[in-house]
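Please read the numbered points with the structure open alongside.

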Amino acid sequence: MREPIRDTVEFQANQQLCQVAGDDVFLTVSEFVRERLRWTGTKTACEEGDCGSCTVLVARPAAQGMLYRPVNSCIRFVFQLDGCHLVTIEGLAADGNLTVAQQAMIDCHGSQCGFCTPGFVMAISAACRPAVDQHGTLPPVDWPVELSGNLCRCTGYLPILEAARHCETQEQLGDTWRNLQPGFLPRCEALRTSAFDIRGTHRGVSRRVVSPVTLEQSLRWRAELPEAEVIAGATDLGVRWTKRRQAAATWLDLGRVAALRSITESLPESAGGVEPGASVLEVGALATWADLLRQTETACPELAALLRRFGGPQIREVGTIGGNLVNASAIADALPFLLVLDATVDLASSRGERRVGIGQFLTANHQTVLRADELLVRVRVPLPDPGERFRLYKISRRRDLDIATITAAIRMGEESGKITRAAIAVGGAGPVAHRLERVESWLPGRPWTEATFCEAGDMAAQDVTPWSDLRGSADYRRQVVRGLVQRFFHESTAVPAGGA
Ligand SMILES: Cc1cc2nc3c(=O)[nH]c(=O)nc-3n(C[C@H](O)[C@H](O)[C@H](O)COP(=O)(O)OP(=O)(O)OC[C@H]3O[C@@H](n4cnc5c(N)ncnc54)[C@H](O)[C@@H]3O)c2cc1C
Ligand code: FES
Ligand code: FES
(Lines give C-alpha, C1' and ligand atoms only; values in the text may rest on other atoms or scores of the structure.)
(Ligands and ions follow the chains in the order given, each with its own letter.)
Protein backbone atom coordinates (compact mmCIF):
# COMPACT_ATOMS: atom_id res chain seq x y z
CA MET A 1 0.00 0.00 0.00
CA ARG A 2 1.32 3.45 -0.91
CA GLU A 3 1.97 6.01 1.85
CA PRO A 4 -0.38 9.03 2.19
CA ILE A 5 0.90 11.89 0.06
CA ARG A 6 0.52 15.51 1.16
CA ASP A 7 -0.03 18.55 -1.02
CA THR A 8 1.36 21.10 1.43
CA VAL A 9 4.64 21.79 3.18
CA GLU A 10 4.89 22.80 6.84
CA PHE A 11 7.61 24.56 8.77
CA GLN A 12 8.16 27.08 11.55
CA ALA A 13 9.37 30.53 10.43
CA ASN A 14 10.77 32.40 13.45
CA GLN A 15 7.92 31.89 15.97
CA GLN A 16 5.20 31.36 13.35
CA LEU A 17 3.92 28.00 12.08
CA CYS A 18 3.49 28.01 8.28
CA GLN A 19 1.60 25.70 5.97
CA VAL A 20 2.20 26.45 2.30
CA ALA A 21 0.53 24.93 -0.76
CA GLY A 22 0.45 25.51 -4.51
CA ASP A 23 2.37 28.25 -6.31
CA ASP A 24 4.27 29.57 -3.28
CA VAL A 25 6.23 26.37 -2.66
CA PHE A 26 8.20 27.20 -5.82
CA LEU A 27 9.31 30.60 -4.54
CA THR A 28 12.83 30.97 -3.26
CA VAL A 29 13.02 31.26 0.51
CA SER A 30 14.20 34.89 0.19
CA GLU A 31 11.18 35.72 -2.01
CA PHE A 32 8.89 34.04 0.49
CA VAL A 33 10.18 35.85 3.57
CA ARG A 34 10.42 39.23 1.86
CA GLU A 35 7.28 39.18 -0.30
CA ARG A 36 4.87 36.90 1.57
CA LEU A 37 5.88 37.30 5.22
CA ARG A 38 6.98 40.91 4.59
CA TRP A 39 10.16 40.38 6.60
CA THR A 40 12.54 42.47 4.56
CA GLY A 41 15.56 42.24 6.86
CA THR A 42 16.91 39.42 4.70
CA LYS A 43 18.69 41.14 1.81
CA THR A 44 19.30 39.81 -1.68
CA ALA A 45 22.19 41.08 -3.79
CA CYS A 46 23.86 38.53 -6.07
CA GLU A 47 21.07 35.90 -6.04
CA GLU A 48 23.60 33.22 -6.89
CA GLY A 49 24.89 32.09 -3.51
CA ASP A 50 28.02 34.19 -3.71
CA CYS A 51 27.64 37.07 -1.23
CA GLY A 52 25.79 35.68 1.82
CA SER A 53 23.64 38.78 2.32
CA CYS A 54 20.52 36.57 2.18
CA THR A 55 21.78 34.15 4.87
CA VAL A 56 19.12 32.61 7.11
CA LEU A 57 19.33 29.74 9.58
CA VAL A 58 17.60 26.45 8.97
CA ALA A 59 17.36 23.54 11.41
CA ARG A 60 15.77 20.14 11.06
CA PRO A 61 15.28 17.79 14.03
CA ALA A 62 18.12 15.26 14.14
CA ALA A 63 19.61 12.81 16.61
CA GLN A 64 21.88 15.57 18.00
CA GLY A 65 18.92 17.98 18.42
CA MET A 66 18.25 21.09 16.35
CA LEU A 67 21.43 22.19 14.62
CA TYR A 68 21.02 25.61 13.09
CA ARG A 69 22.91 25.86 9.81
CA PRO A 70 23.50 28.95 7.64
CA VAL A 71 21.83 28.75 4.24
CA ASN A 72 21.65 31.12 1.26
CA SER A 73 17.93 31.82 1.04
CA CYS A 74 18.21 33.16 -2.54
CA ILE A 75 18.94 29.72 -4.01
CA ARG A 76 16.79 27.59 -1.71
CA PHE A 77 13.14 26.83 -2.43
CA VAL A 78 10.21 26.94 -0.02
CA PHE A 79 9.42 23.23 -0.45
CA GLN A 80 12.93 22.48 0.88
CA LEU A 81 11.88 23.94 4.26
CA ASP A 82 9.41 21.15 5.02
CA GLY A 83 9.82 20.02 8.64
CA CYS A 84 12.41 22.73 9.38
CA HIS A 85 12.74 25.74 11.64
CA LEU A 86 13.64 28.82 9.60
CA VAL A 87 15.15 31.77 11.46
CA THR A 88 15.57 35.15 9.80
CA ILE A 89 17.19 38.28 11.19
CA GLU A 90 13.76 39.38 12.49
CA GLY A 91 13.62 36.27 14.65
CA LEU A 92 16.75 36.97 16.67
CA ALA A 93 15.96 39.86 19.03
CA ALA A 94 13.43 38.94 21.72
CA ASP A 95 11.34 41.63 23.48
CA GLY A 96 13.55 44.30 21.93
CA ASN A 97 16.74 42.83 23.37
CA LEU A 98 19.42 42.37 20.73
CA THR A 99 21.39 39.13 20.72
CA VAL A 100 25.08 39.19 21.55
CA ALA A 101 25.91 38.92 17.83
CA GLN A 102 23.73 41.91 16.93
CA GLN A 103 25.07 44.04 19.79
CA ALA A 104 28.67 43.12 18.95
CA MET A 105 28.24 44.32 15.35
CA ILE A 106 27.13 47.69 16.71
CA ASP A 107 29.82 47.91 19.38
CA CYS A 108 32.63 46.94 16.99
CA HIS A 109 31.37 49.20 14.15
CA GLY A 110 30.90 46.17 11.90
CA SER A 111 28.20 47.82 9.80
CA GLN A 112 28.33 50.75 7.37
CA CYS A 113 25.70 50.74 4.59
CA GLY A 114 24.22 47.74 6.40
CA PHE A 115 23.34 45.69 3.34
CA CYS A 116 25.54 42.76 4.29
CA THR A 117 24.92 43.07 8.03
CA PRO A 118 21.92 40.74 8.49
CA GLY A 119 23.77 38.03 6.57
CA PHE A 120 26.88 38.41 8.72
CA VAL A 121 24.82 38.37 11.92
CA MET A 122 23.11 35.15 10.82
CA ALA A 123 26.42 33.52 9.87
CA ILE A 124 27.95 34.53 13.23
CA SER A 125 24.88 33.24 15.09
CA ALA A 126 25.17 29.88 13.30
CA ALA A 127 28.83 29.50 14.18
CA CYS A 128 28.46 30.52 17.85
CA ARG A 129 28.12 27.42 19.95
CA PRO A 130 24.97 27.48 22.09
CA ALA A 131 26.72 26.21 25.20
CA VAL A 132 30.06 25.25 26.61
CA ASP A 133 31.35 21.83 25.55
CA GLN A 134 31.91 18.79 27.79
CA HIS A 135 35.21 20.26 29.00
CA GLY A 136 33.45 23.42 30.22
CA THR A 137 35.01 25.63 27.54
CA LEU A 138 33.67 27.26 24.41
CA PRO A 139 35.31 25.49 21.48
CA PRO A 140 37.28 27.92 19.29
CA VAL A 141 35.80 29.00 15.98
CA ASP A 142 37.85 29.60 12.85
CA TRP A 143 36.09 32.85 11.99
CA PRO A 144 37.74 33.60 8.61
CA VAL A 145 36.47 30.18 7.46
CA GLU A 146 33.03 30.53 9.08
CA LEU A 147 32.49 33.93 7.47
CA SER A 148 34.02 33.12 4.09
CA GLY A 149 30.54 32.89 2.53
CA ASN A 150 29.75 36.54 3.32
CA LEU A 151 30.99 39.60 1.45
CA CYS A 152 31.08 43.23 2.57
CA ARG A 153 31.82 46.07 0.18
CA CYS A 154 32.13 48.91 2.69
CA THR A 155 33.24 48.21 6.20
CA GLY A 156 36.15 45.89 5.68
CA TYR A 157 36.40 42.63 7.52
CA LEU A 158 38.40 43.53 10.62
CA PRO A 159 35.53 45.08 12.64
CA ILE A 160 33.25 42.22 11.60
CA LEU A 161 35.82 39.62 12.70
CA GLU A 162 36.26 41.51 15.95
CA ALA A 163 32.50 41.37 16.54
CA ALA A 164 32.47 37.65 15.82
CA ARG A 165 35.37 36.95 18.17
CA HIS A 166 33.63 38.94 20.87
CA CYS A 167 30.59 36.59 20.62
CA GLU A 168 32.76 33.52 20.97
CA THR A 169 33.80 34.53 24.46
CA GLN A 170 30.21 35.06 25.65
CA GLU A 171 28.42 32.19 27.31
CA GLN A 172 25.01 33.91 27.22
CA LEU A 173 24.38 34.22 23.51
CA GLY A 174 20.70 35.14 23.68
CA ASP A 175 19.27 31.97 22.26
CA THR A 176 15.53 32.59 22.56
CA TRP A 177 15.26 32.36 18.78
CA ARG A 178 15.82 28.63 19.11
CA ASN A 179 12.41 28.18 20.80
CA LEU A 180 10.04 25.91 18.97
CA GLN A 181 6.28 26.18 19.05
CA PRO A 182 4.49 23.54 21.16
CA GLY A 183 3.62 20.59 18.96
CA PHE A 184 6.17 21.46 16.26
CA LEU A 185 8.63 18.65 17.06
CA PRO A 186 6.04 15.84 17.14
CA ARG A 187 4.59 17.26 13.91
CA CYS A 188 8.07 17.10 12.36
CA GLU A 189 8.23 13.40 13.21
CA ALA A 190 5.06 12.83 11.21
CA LEU A 191 6.26 15.01 8.32
CA ARG A 192 9.54 13.11 8.14
CA THR A 193 7.77 9.95 7.04
CA SER A 194 5.27 11.47 4.63
CA ALA A 195 5.97 12.29 1.00
CA PHE A 196 4.48 15.28 -0.81
CA ASP A 197 3.37 15.96 -4.36
CA ILE A 198 2.57 19.62 -5.02
CA ARG A 199 1.51 21.38 -8.20
CA GLY A 200 1.36 25.08 -8.87
CA THR A 201 2.01 27.80 -11.39
CA HIS A 202 5.14 29.83 -11.06
CA ARG A 203 5.89 32.80 -13.30
CA GLY A 204 3.24 31.58 -15.72
CA VAL A 205 4.61 28.03 -15.96
CA SER A 206 2.95 24.90 -14.56
CA ARG A 207 5.23 23.29 -12.00
CA ARG A 208 5.20 20.12 -9.90
CA VAL A 209 7.47 18.90 -7.14
CA VAL A 210 7.41 15.38 -5.74
CA SER A 211 9.34 14.70 -2.55
CA PRO A 212 9.82 11.09 -1.46
CA VAL A 213 11.12 9.98 1.95
CA THR A 214 12.47 6.52 1.10
CA LEU A 215 14.83 5.24 -1.57
CA GLU A 216 12.20 2.82 -2.83
CA GLN A 217 9.71 5.66 -3.31
CA SER A 218 12.40 7.77 -5.00
CA LEU A 219 13.16 5.03 -7.52
CA ARG A 220 9.48 4.49 -8.21
CA TRP A 221 8.98 8.18 -8.95
CA ARG A 222 12.19 8.26 -11.00
CA ALA A 223 10.73 5.46 -13.19
CA GLU A 224 7.29 7.05 -13.44
CA LEU A 225 8.60 10.56 -14.17
CA PRO A 226 11.67 10.19 -16.42
CA GLU A 227 11.29 13.84 -17.50
CA ALA A 228 11.62 15.08 -13.90
CA GLU A 229 14.80 16.83 -12.83
CA VAL A 230 16.32 15.53 -9.62
CA ILE A 231 16.99 18.20 -7.01
CA ALA A 232 19.33 17.68 -4.05
CA GLY A 233 20.88 20.76 -2.37
CA ALA A 234 19.88 23.03 -5.29
CA THR A 235 23.15 24.98 -5.23
CA ASP A 236 23.59 24.36 -8.96
CA LEU A 237 19.90 24.21 -9.89
CA GLY A 238 19.00 27.22 -7.73
CA VAL A 239 21.48 29.42 -9.61
CA ARG A 240 20.21 28.03 -12.92
CA TRP A 241 16.76 29.23 -11.89
CA THR A 242 17.63 32.66 -10.45
CA LYS A 243 20.10 33.59 -13.22
CA ARG A 244 18.67 31.91 -16.32
CA ARG A 245 15.10 31.08 -15.28
CA GLN A 246 15.75 27.49 -16.29
CA ALA A 247 13.90 24.77 -14.43
CA ALA A 248 12.21 21.53 -15.41
CA ALA A 249 8.40 21.43 -15.17
CA THR A 250 8.74 18.63 -12.59
CA TRP A 251 11.28 18.30 -9.81
CA LEU A 252 12.05 15.10 -7.91
CA ASP A 253 13.31 16.39 -4.56
CA LEU A 254 15.62 13.91 -2.80
CA GLY A 255 16.36 16.27 0.09
CA ARG A 256 14.30 14.32 2.67
CA VAL A 257 15.53 10.79 1.86
CA ALA A 258 17.53 10.24 5.05
CA ALA A 259 18.89 6.88 3.83
CA LEU A 260 20.86 8.69 1.14
CA ARG A 261 22.65 10.99 3.58
CA SER A 262 24.66 8.58 5.70
CA ILE A 263 28.46 8.34 5.69
CA THR A 264 30.10 5.21 7.02
CA GLU A 265 33.77 4.37 7.32
CA SER A 266 34.86 0.76 7.21
CA LEU A 267 38.08 0.13 9.02
CA PRO A 268 41.00 -1.48 7.20
CA GLU A 269 40.44 -5.04 8.40
CA SER A 270 36.86 -5.09 7.11
CA ALA A 271 37.63 -3.30 3.85
CA GLY A 272 37.72 -6.33 1.55
CA GLY A 273 39.86 -5.96 -1.56
CA VAL A 274 41.52 -2.74 -0.40
CA GLU A 275 45.22 -2.46 0.36
CA PRO A 276 46.05 -3.01 4.02
CA GLY A 277 46.00 0.21 6.01
CA ALA A 278 43.38 1.99 3.91
CA SER A 279 39.79 2.49 5.01
CA VAL A 280 36.78 3.05 2.80
CA LEU A 281 34.17 5.78 3.05
CA GLU A 282 30.68 4.90 1.84
CA VAL A 283 29.12 8.29 1.21
CA GLY A 284 25.40 8.65 0.51
CA ALA A 285 24.70 10.82 -2.55
CA LEU A 286 22.82 13.30 -0.34
CA ALA A 287 25.73 13.77 2.09
CA THR A 288 26.60 17.44 2.10
CA TRP A 289 30.11 18.84 1.84
CA ALA A 290 29.80 19.92 5.49
CA ASP A 291 28.95 16.30 6.47
CA LEU A 292 31.99 15.05 4.57
CA LEU A 293 34.23 17.75 6.02
CA ARG A 294 33.26 16.75 9.57
CA GLN A 295 33.88 13.08 8.73
CA THR A 296 37.28 13.60 7.10
CA GLU A 297 38.81 15.97 9.71
CA THR A 298 40.49 12.93 11.24
CA ALA A 299 39.94 10.26 8.55
CA CYS A 300 41.69 12.25 5.80
CA PRO A 301 42.91 15.75 6.81
CA GLU A 302 44.19 16.51 3.30
CA LEU A 303 40.68 16.08 1.96
CA ALA A 304 39.19 18.11 4.83
CA ALA A 305 41.57 20.98 4.00
CA LEU A 306 40.34 21.02 0.40
CA LEU A 307 36.69 20.85 1.49
CA ARG A 308 37.18 23.87 3.74
CA ARG A 309 37.64 25.80 0.50
CA PHE A 310 34.54 24.34 -1.18
CA GLY A 311 32.16 27.30 -1.64
CA GLY A 312 31.44 28.94 1.74
CA PRO A 313 29.71 27.44 4.81
CA GLN A 314 26.26 28.21 3.34
CA ILE A 315 27.07 26.20 0.21
CA ARG A 316 28.77 23.35 2.07
CA GLU A 317 25.78 22.92 4.39
CA VAL A 318 23.41 22.05 1.53
CA GLY A 319 25.49 21.20 -1.57
CA THR A 320 25.87 17.43 -1.98
CA ILE A 321 28.50 15.10 -3.34
CA GLY A 322 25.87 13.51 -5.61
CA GLY A 323 24.92 16.88 -7.10
CA ASN A 324 28.56 17.74 -7.76
CA LEU A 325 29.15 14.43 -9.54
CA VAL A 326 26.00 14.47 -11.66
CA ASN A 327 26.51 18.12 -12.57
CA ALA A 328 29.93 16.89 -13.77
CA SER A 329 31.57 20.23 -14.36
CA ALA A 330 35.12 19.86 -15.70
CA ILE A 331 36.30 22.00 -12.78
CA ALA A 332 34.20 20.48 -9.99
CA ASP A 333 36.37 20.20 -6.89
CA ALA A 334 35.40 16.61 -6.09
CA LEU A 335 36.48 14.97 -9.30
CA PRO A 336 40.32 14.80 -9.19
CA PHE A 337 40.46 13.34 -5.69
CA LEU A 338 37.75 10.80 -6.47
CA LEU A 339 39.65 9.85 -9.64
CA VAL A 340 43.00 9.20 -7.94
CA LEU A 341 41.34 7.31 -5.09
CA ASP A 342 39.65 4.98 -7.62
CA ALA A 343 36.25 5.86 -6.20
CA THR A 344 33.14 4.20 -7.59
CA VAL A 345 29.53 5.35 -7.79
CA ASP A 346 26.44 3.22 -7.27
CA LEU A 347 23.62 3.99 -9.68
CA ALA A 348 20.18 2.65 -8.84
CA SER A 349 16.92 2.27 -10.70
CA SER A 350 13.82 0.19 -10.07
CA ARG A 351 15.60 -2.48 -12.20
CA GLY A 352 18.50 -2.77 -9.75
CA GLU A 353 21.90 -1.25 -8.99
CA ARG A 354 25.17 -1.00 -10.93
CA ARG A 355 28.62 0.15 -9.81
CA VAL A 356 30.72 2.33 -12.11
CA GLY A 357 34.23 3.76 -11.69
CA ILE A 358 34.40 7.57 -11.58
CA GLY A 359 36.51 7.61 -14.77
CA GLN A 360 33.76 5.75 -16.63
CA PHE A 361 30.96 7.75 -15.01
CA LEU A 362 32.18 11.08 -16.45
CA THR A 363 31.98 11.23 -20.23
CA ALA A 364 32.27 14.96 -21.05
CA ASN A 365 31.73 18.39 -19.49
CA HIS A 366 28.32 18.11 -17.75
CA GLN A 367 27.76 14.61 -19.14
CA THR A 368 27.72 11.24 -17.43
CA VAL A 369 26.53 7.70 -18.06
CA LEU A 370 23.56 8.16 -15.68
CA ARG A 371 20.39 6.87 -17.36
CA ALA A 372 17.04 8.66 -17.31
CA ASP A 373 15.54 6.22 -14.81
CA GLU A 374 18.58 6.12 -12.51
CA LEU A 375 19.66 7.95 -9.37
CA LEU A 376 23.16 8.24 -8.03
CA VAL A 377 22.78 6.71 -4.57
CA ARG A 378 26.27 6.24 -3.12
CA VAL A 379 29.94 7.04 -3.65
CA ARG A 380 32.53 4.58 -2.42
CA VAL A 381 35.85 6.24 -1.61
CA PRO A 382 38.88 4.13 -0.62
CA LEU A 383 41.00 6.55 1.42
CA PRO A 384 44.76 6.73 0.82
CA ASP A 385 46.94 4.31 2.68
CA PRO A 386 48.76 6.12 5.51
CA GLY A 387 52.09 5.19 3.85
CA GLU A 388 51.24 6.99 0.61
CA ARG A 389 52.01 10.56 -0.38
CA PHE A 390 48.78 12.33 -1.23
CA ARG A 391 48.11 15.97 -2.08
CA LEU A 392 45.09 17.90 -3.33
CA TYR A 393 45.26 21.25 -5.09
CA LYS A 394 42.74 23.94 -5.93
CA ILE A 395 44.15 26.89 -7.84
CA SER A 396 41.70 29.77 -8.02
CA ARG A 397 41.89 33.54 -8.42
CA ARG A 398 40.46 34.09 -4.94
CA ARG A 399 41.19 31.78 -2.02
CA ASP A 400 37.62 31.47 -0.73
CA LEU A 401 34.31 31.00 -2.47
CA ASP A 402 35.76 30.80 -5.94
CA ILE A 403 35.53 28.39 -8.82
CA ALA A 404 38.84 26.70 -9.53
CA THR A 405 41.03 27.47 -12.51
CA ILE A 406 42.79 24.13 -12.09
CA THR A 407 42.17 21.31 -9.63
CA ALA A 408 44.54 18.42 -9.18
CA ALA A 409 45.07 15.35 -7.04
CA ILE A 410 48.35 13.44 -6.85
CA ARG A 411 48.94 10.18 -5.02
CA MET A 412 52.20 8.23 -5.02
CA GLY A 413 54.00 5.42 -3.26
CA GLU A 414 57.76 5.49 -2.63
CA GLU A 415 60.18 2.88 -1.38
CA SER A 416 63.95 3.10 -1.03
CA GLY A 417 64.08 6.35 -3.00
CA LYS A 418 62.05 4.99 -5.94
CA ILE A 419 58.49 5.69 -7.01
CA THR A 420 56.43 2.52 -6.69
CA ARG A 421 53.08 3.74 -8.04
CA ALA A 422 51.53 7.00 -9.23
CA ALA A 423 48.06 8.43 -9.79
CA ILE A 424 47.56 11.99 -11.08
CA ALA A 425 44.22 13.59 -11.99
CA VAL A 426 43.46 17.12 -13.15
CA GLY A 427 40.33 19.21 -13.62
CA GLY A 428 39.96 22.40 -15.67
CA ALA A 429 42.55 21.08 -18.11
CA GLY A 430 40.31 19.42 -20.69
CA PRO A 431 36.64 18.76 -21.41
CA VAL A 432 36.40 16.42 -18.44
CA ALA A 433 38.43 15.84 -15.27
CA HIS A 434 40.76 12.93 -16.03
CA ARG A 435 43.80 10.88 -15.03
CA LEU A 436 47.14 11.52 -16.76
CA GLU A 437 47.78 7.92 -17.74
CA ARG A 438 50.98 8.39 -19.77
CA VAL A 439 52.75 10.13 -16.87
CA GLU A 440 51.33 7.63 -14.38
CA SER A 441 52.82 4.69 -16.26
CA TRP A 442 56.14 6.48 -16.87
CA LEU A 443 56.82 7.25 -13.18
CA PRO A 444 56.99 3.85 -11.38
CA GLY A 445 60.56 2.64 -10.93
CA ARG A 446 62.05 6.13 -11.42
CA PRO A 447 64.05 7.84 -8.66
CA TRP A 448 62.28 10.19 -6.25
CA THR A 449 64.25 13.25 -7.40
CA GLU A 450 63.54 16.74 -8.58
CA ALA A 451 64.74 15.81 -12.09
CA THR A 452 62.12 13.04 -12.32
CA PHE A 453 59.33 15.37 -11.28
CA CYS A 454 60.48 18.14 -13.67
CA GLU A 455 60.27 15.69 -16.55
CA ALA A 456 56.93 14.36 -15.31
CA GLY A 457 55.63 17.96 -15.08
CA ASP A 458 56.63 18.60 -18.70
CA MET A 459 54.84 15.44 -19.81
CA ALA A 460 51.74 16.38 -17.81
CA ALA A 461 51.67 19.84 -19.42
CA GLN A 462 51.83 18.23 -22.89
CA ASP A 463 49.01 15.81 -22.11
CA VAL A 464 46.34 18.31 -21.07
CA THR A 465 44.02 20.21 -23.42
CA PRO A 466 42.87 23.27 -21.45
CA TRP A 467 40.80 26.19 -22.70
CA SER A 468 41.15 29.97 -22.20
CA ASP A 469 38.58 31.95 -20.25
CA LEU A 470 38.39 34.72 -17.66
CA ARG A 471 40.00 32.47 -15.06
CA GLY A 472 43.15 31.88 -17.08
CA SER A 473 44.53 31.23 -20.55
CA ALA A 474 45.17 27.73 -21.86
CA ASP A 475 48.90 28.40 -21.62
CA TYR A 476 48.60 29.51 -17.98
CA ARG A 477 46.63 26.38 -17.13
CA ARG A 478 49.28 24.19 -18.77
CA GLN A 479 51.98 25.89 -16.73
CA VAL A 480 49.98 25.41 -13.54
CA VAL A 481 49.68 21.67 -14.24
CA ARG A 482 53.45 21.47 -14.80
CA GLY A 483 54.10 23.48 -11.64
CA LEU A 484 51.81 21.33 -9.47
CA VAL A 485 53.67 18.13 -10.33
CA GLN A 486 56.92 19.79 -9.27
CA ARG A 487 55.29 21.32 -6.20
CA PHE A 488 54.08 17.87 -5.17
CA PHE A 489 57.69 16.67 -5.13
CA HIS A 490 58.86 19.55 -2.92
CA GLU A 491 55.90 19.35 -0.51
CA SER A 492 55.94 15.57 -0.21
CA THR A 493 59.68 15.43 0.25
CA ALA A 494 59.48 17.93 3.08
CA VAL A 495 56.74 16.12 5.03
CA PRO A 496 56.40 12.50 6.07
CA ALA A 497 54.35 10.14 3.89
CA GLY A 498 50.56 10.34 4.34
CA GLY A 499 50.27 14.08 3.73
CA ALA A 500 50.48 17.09 6.01
C1 LIG B 1 28.27 30.15 -4.53
C2 LIG B 1 28.62 28.78 -5.02
C3 LIG B 1 29.87 28.28 -4.76
C4 LIG B 1 30.23 27.00 -5.23
N5 LIG B 1 31.48 26.55 -4.96
C6 LIG B 1 31.87 25.37 -5.47
C7 LIG B 1 33.19 24.91 -5.26
O8 LIG B 1 34.00 25.54 -4.56
N9 LIG B 1 33.54 23.74 -5.85
C10 LIG B 1 32.68 23.01 -6.61
O11 LIG B 1 33.06 21.95 -7.12
N12 LIG B 1 31.40 23.41 -6.80
C13 LIG B 1 30.97 24.57 -6.26
N14 LIG B 1 29.69 24.99 -6.47
C15 LIG B 1 28.75 24.17 -7.23
C16 LIG B 1 27.78 23.32 -6.36
O17 LIG B 1 27.70 23.83 -5.05
C18 LIG B 1 28.24 21.87 -6.24
O19 LIG B 1 28.33 21.30 -7.53
C20 LIG B 1 27.31 21.03 -5.36
O21 LIG B 1 27.98 19.90 -4.90
C22 LIG B 1 26.04 20.61 -6.10
O23 LIG B 1 25.25 19.83 -5.23
P24 LIG B 1 23.69 20.13 -5.02
O25 LIG B 1 23.19 19.10 -4.08
O26 LIG B 1 23.46 21.51 -4.66
O27 LIG B 1 23.16 19.83 -6.51
P28 LIG B 1 21.80 20.28 -7.21
O29 LIG B 1 21.89 21.69 -7.63
O30 LIG B 1 20.62 19.89 -6.40
O31 LIG B 1 21.87 19.30 -8.49
C32 LIG B 1 22.94 19.37 -9.42
C33 LIG B 1 22.71 18.36 -10.55
O34 LIG B 1 22.80 17.03 -10.06
C35 LIG B 1 21.59 16.29 -10.28
N36 LIG B 1 21.48 15.43 -9.10
C37 LIG B 1 21.68 15.81 -7.81
N38 LIG B 1 21.68 14.72 -7.00
C39 LIG B 1 21.43 13.64 -7.79
C40 LIG B 1 21.31 12.23 -7.53
N41 LIG B 1 21.47 11.74 -6.31
N42 LIG B 1 21.05 11.42 -8.57
C43 LIG B 1 20.90 11.92 -9.82
N44 LIG B 1 21.01 13.24 -10.13
C45 LIG B 1 21.29 14.08 -9.13
C46 LIG B 1 20.53 17.35 -10.47
O47 LIG B 1 19.45 16.88 -11.26
C48 LIG B 1 21.32 18.45 -11.16
O49 LIG B 1 21.44 18.16 -12.53
C50 LIG B 1 29.29 26.24 -5.97
C51 LIG B 1 28.00 26.74 -6.20
C52 LIG B 1 27.66 27.99 -5.74
C53 LIG B 1 26.27 28.51 -5.98
S1 FES C 1 21.90 37.19 -2.45
FE2 FES C 1 24.05 36.78 -2.53
S3 FES C 1 24.12 34.81 -1.65
FE4 FES C 1 22.01 35.17 -1.77
S1 FES D 1 28.35 47.35 5.39
FE2 FES D 1 27.96 47.84 3.32
S3 FES D 1 28.22 45.97 2.28
FE4 FES D 1 28.89 45.55 4.27
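**Note on domains, ligand shell, helices and sheets**

1. Contact between 24 residues of domain 1 and 22 residues of domain 3 joins these two parts of the chain; two residues count as in contact if their C-beta atoms, placed from the backbone, lie within 7 Å. On the side of domain 1 that touches domain 3, the elements giving two or more residues are β7, α7 (215–224) and α8 (235–244). Helices (H or I, at least four residues) and strands (E, at least two) are DSSP runs, numbered from the N terminus. The largest share of that side, 6 residues, is supplied by α7. By class, the side comprises 11 nonpolar, 7 polar and 6 charged residues. Here Ala, Val, Leu, Ile, Met, Phe, Trp, Tyr, Cys and Pro count as nonpolar, Asp, Glu, Lys and Arg as charged, and the others, Gly among them, as polar.

2. This is a predicted model, in which local features need pLDDT of at least 70 and side-chain atom pairs count only at pLDDT 80 or more, while totals for chains, interfaces and linings use all residues. Residues are numbered from 1 along each chain as its sequence is written, and chains are lettered from A and ligands numbered from 1 in the order in which they are written.

3. The domain assignment divides the protein chain into domain 1 (5–89 + 180–258), domain 2 (98–173) and domain 3 (261–494); such bounds come from an automatic or database domain assignment. A distance of 31 Å separates the C-alpha centres of domain 1 and domain 3.

4. Which residues come nearest to ligand 1? Among the 30 residues around ligand 1, they are Gly49, Ala232, Gly233, Gly323 and Asn324; a residue is near a molecule if its C-beta atom, placed from the backbone, lies within 6 Å of it. Two or more residues of this shell come from each of β11 (229–231), α8, α12 and β19 (375–382), and α12 gives the largest share, 5 residues. The shell has 15 nonpolar, 10 polar and 5 charged residues. Domain 1 and domain 3 each contribute at least three residues to the shell.

5. Helix α3 (residues 117–127) is mostly covered, with 11 of its 11 residues buried. A residue is buried if 20 or more other C-beta atoms lie within 10 Å of its own, exposed if 12 or fewer, and partly exposed in between, with C-beta atoms placed from the backbone. The buried residues of α3 pack against elements including β4 (55–59), α2 (100–107) and α5 (157–168). In helix α9 (residues 289–299), the buried residues are Trp289, Ala290, Asp291, Leu292 and Thr296. Their packing partners include β13 (263–266), β14 (280–284) and α12 (321–327).

6. Two strands pair if DSSP finds at least two bridges between them. Strand β9 (residues 195–202) pairs with β1 in the parallel sense over 2 bridges, and phenylalanine 196 in β9 is the bridge partner of arginine 6.

7. A further open sheet has 4 strands in the order β20-β21-β22-β23, paired antiparallel. Its edge strands, β20 (389–395) and β23 (434–435), each pair on one side only. Strands β21 (residues 406–415) and β22 (residues 418–427) run antiparallel and are joined by 9 bridges. Valine 426 in β22 is the bridge partner of alanine 408.
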